[in-house]
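User: I would like to go through how some labels in this model were reached. Please set each value against its cut-off.

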Amino acid sequence: MKEAAKVVGVNPDRSAGVPPALAGASHPRPPFWASLVGTFFGIGRLKPGPGTWGSVATVVIWALVSWRIPPEARTWATIAAVIVVTIVGIPAATRVVRASGLKDPQFVVIDEVAGQLVALIAVPLVWKTFLAGLILFRVFDILKPPPVRQLEHLPEGWGVVVDDLGAGVYALIIMHLLLHFRLLIG
């Protein structure tokens, strides 16, 4: 076979059965909107630790925005933000995943935005809760306790985003336990 390929001047295809990202195939670029959303307006390109940068940006932006929302509407506004980020984030992450050929590219941080917002649902607007929410979410996002790790196996953008929503739920539960026992207030 190699001899026949040399005779006609054709290189044999050695990429059979190898995913396109590994076979050296070029990928089309994701749509601009998907790249913009997936990287949370470029924050996912920051080094080191793009996920942490995405979480920090989310906490800072939400802290600034939430002060302008009437107290009685903050919980619902946070939930609405989670829903919007998730609805837009899953298709954006899917398109970036397809274009990159990677299962969960580090530069896609819209999942951290969604999960971090979950960790901040119904919490008082004080620096301690913002810091605790950031730390708790990052810990659960990195450790991925069951069933969070299993959620990564969902296809494309679903797996990218939904596992971080799970990590956010863990952080939210611990956050509210800390608040219940008054460990973050005062």
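User: Why does I142 count as exposed?

Analyst: The model is a predicted one. The relative accessibility of I142 is 58%, and exposed means over 50%, so I142 counts as exposed. I142 lies in helix α7, residues 127–143.

User: What makes I142 part of a nonpolar patch on the surface?

Analyst: Patch residues need over 30% relative accessible area and no salt bridge, and nonpolar side chains are joined within 5 Å. I142 has 58%, and it forms the patch together with W127, L131, I135, V139 and L143. Their accessible area together is about 640 Å².

User: Why is T86 called buried?

Analyst: Buried means under 20% relative accessible area. T86 has 14%, so it is buried. T86 lies in helix α5, and beyond its neighbours within four places in sequence it is in contact with P91, A114, V161 and L165.

User: How do you know that the end-to-end distance of helix α5 agrees with its number of residues?

Analyst: Helix α5 has 27 residues, 74–100, which at 1.5 Å a residue should span 39 Å. The end C-alpha atoms are 37 Å apart, so the two values agree. Helix α5 does bend by about 30° at G89, with the proline P91 following within four residues. Just after α5, G101 has a positive phi of about 75°.

User: Which peptide bonds are cis, and what are their omega values?

Analyst: Most peptide bonds are trans. The bond from K47 to P48 is cis, with omega near -15°, and P48 is found in the loop between α3 and α4. Another cis bond joins P146 and P147, with omega about 0°; P147 lies in the loop between α7 and α8.

Conventions:
Residues numbered from 1 in each chain as written. Predicted model: local features only at pLDDT ≥ 70, side-chain atom pairs only at ≥ 80, totals over all residues. Heavy atoms only, no water. Patch = residues over 30% accessible without salt bridge, like charges linked within 9 Å, V, L, I, M, F, W, Y side chains within 5 Å. Areas by Shrake-Rupley, 256 points an atom, 1.4 Å probe, with all protein chains shown as cover. Salt bridge = Lys/Arg side-chain N within 4 Å of Asp/Glu carboxyl O. Helix = DSSP H or I, 4+ residues; strand = E, 2+ residues; numbered from the N terminus. Buried < 20%, exposed > 50% of the residue type's maximum accessible area, 1.4 Å probe, protein only. Expected span 1.5 Å × (residues − 1). Bend = angle between axes of the 7 residues up to and from the residue. Contact = heavy atoms within 4.5 Å.
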